[in-house]
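Me: I am new to this structure. Please take a close look at one part of it, the open sheet and the helices packed by it.

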Amino acid sequence: MALKVAVAGATGYAGGEILRLLLNHPQYLAGELEIGALTGNSNAGQPVAELMPHLPQLADRVIETTSVDTLAGHDVVFLGLPHGHSAEIGAALPEDVVVIDCAADFRLQNSEDWETFYGSAHAGTWPYGIPEMPGHREQIQGARRIAVPGCFPTGATLATMPAVEAGIIKPDLAFVSVTGVSGAGKKASVPLLGSETMGSLKAYNTAGKHRHTPEIRQNLSEVTDLDVNVSFTPVLAPLPRGILTTATAPLAEGVTTDVARKVYEEFYANEPFVYLLPEGVQPQTQNIVGSNMCHVQVEADVNAGKLLMTSAIDNLTKGTGGAAVQCMNIALGFDEVAGLPQAGVAP
């Protein structure tokens, strides 16, 4: 009997990316995974052929209204809903259903952080879906509730976690992440119009205001006993996809580029979706488009006494949809890389 999968918020960017990946998943191609309900609210009743013509395999499908009744009866439910909408559905679905939430509702452990940055009651904490973090792959295995990480925290965490864990930096980190416009979702918004974004760069939610700040701090605090300080500045760029993250932190005494690279090589030696680039080669967003990869680089700036750590991800793949499918694979015991491209699209 085929595994039945539903996608709530299917017409959003995250939902569409999950579907793109599932349609190339070996379980789907073998007839062992069935794509069930595709739901959305504003687009309910409309055909997939008009809303997502890039998914011709689903052209005969119609978007249904998002409800517990529609989603019940599936083995896996992906939630690609706005923040604050997942908790009620997640609580109402049967406990044996694998629910994978792409929103922020269950990412944070500290209820005060949630209430401060999201302005509502904290719904709780689910196993957190960055498998590359120590111990998290084990938490995801067999889990029935999984929180997909934020796109910025994914790039920031993978760029800096080895250095924080090894103690080759003081965990006083300054991040600048340049992101494409799809990270804001598919909703209509004047600041995201082409005429507002083309040919322009803009920092936003600056000076600690961005909601992903506590998530980055939470992740890095797991691998050190020291207090972690995070300064995070996102920058909007005229790109459809991609996040380039640069991070700097004070060097520990005696740390060189060779020392840092050895730390990263050992940390990511067995990770299929993290690629430490050759020395001197910097991550570029053009090289990870459509892939589930995170490209990283690390370099000691000895004169400044800083370690420079950089990463590039596709915010819709490794940053959202790919992470969700990767977590599904681990939770259900599939090959972790199943359906997830390691090669990007070039040019």
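Reply: Helices (H or I, at least four residues) and strands (E, at least two) are DSSP runs, numbered from the N terminus. The model is predicted: local features need pLDDT of at least 70, side-chain atom pairs count only at pLDDT 80 or more, and totals for chains, interfaces and linings use all residues. Residues are numbered from 1 along each chain as its sequence is written, and side-chain values use heavy atoms, with hydrogens and water left out.

Now the sheet. It is open, has 7 strands and runs in the order E7-E8-E6-E9-E12-E11-E10, with mixed pairing. Two strands pair if DSSP finds at least two bridges between them. Strand E7 (202-203) and strand E10 (274-276) form the edges, each pairing on one side only. Strands E6 (residues 172-179) and E8 (residues 229-236) pair in the parallel sense over 8 bridges. There, Ser177 stands opposite Pro234 in E8.

Helix H11 (residues 257-267) packs on the sheet and touches E10, strand E11 (294-301) and strand E12 (306-313). Contact means heavy atoms within 4.5 Å. The direction of H11 makes about 155° with that of E11. Axes are lines fitted to C-alpha atoms, for helices over the stretch in contact, and angles run from 0 to 180 degrees between N-to-C directions.

Helix H8 (residues 151-166) meets H11 too: their axes come within 9 Å and cross at roughly 110°. H8 and H11 are therefore roughly perpendicular to each other (65 to 115 degrees). Among the residues in contact are Leu158 and Met161 of H8, and Val263, Tyr264 and Phe267 of H11.

Terms used:
Parallel < 35°, antiparallel > 145°, perpendicular 65-115°, else oblique.
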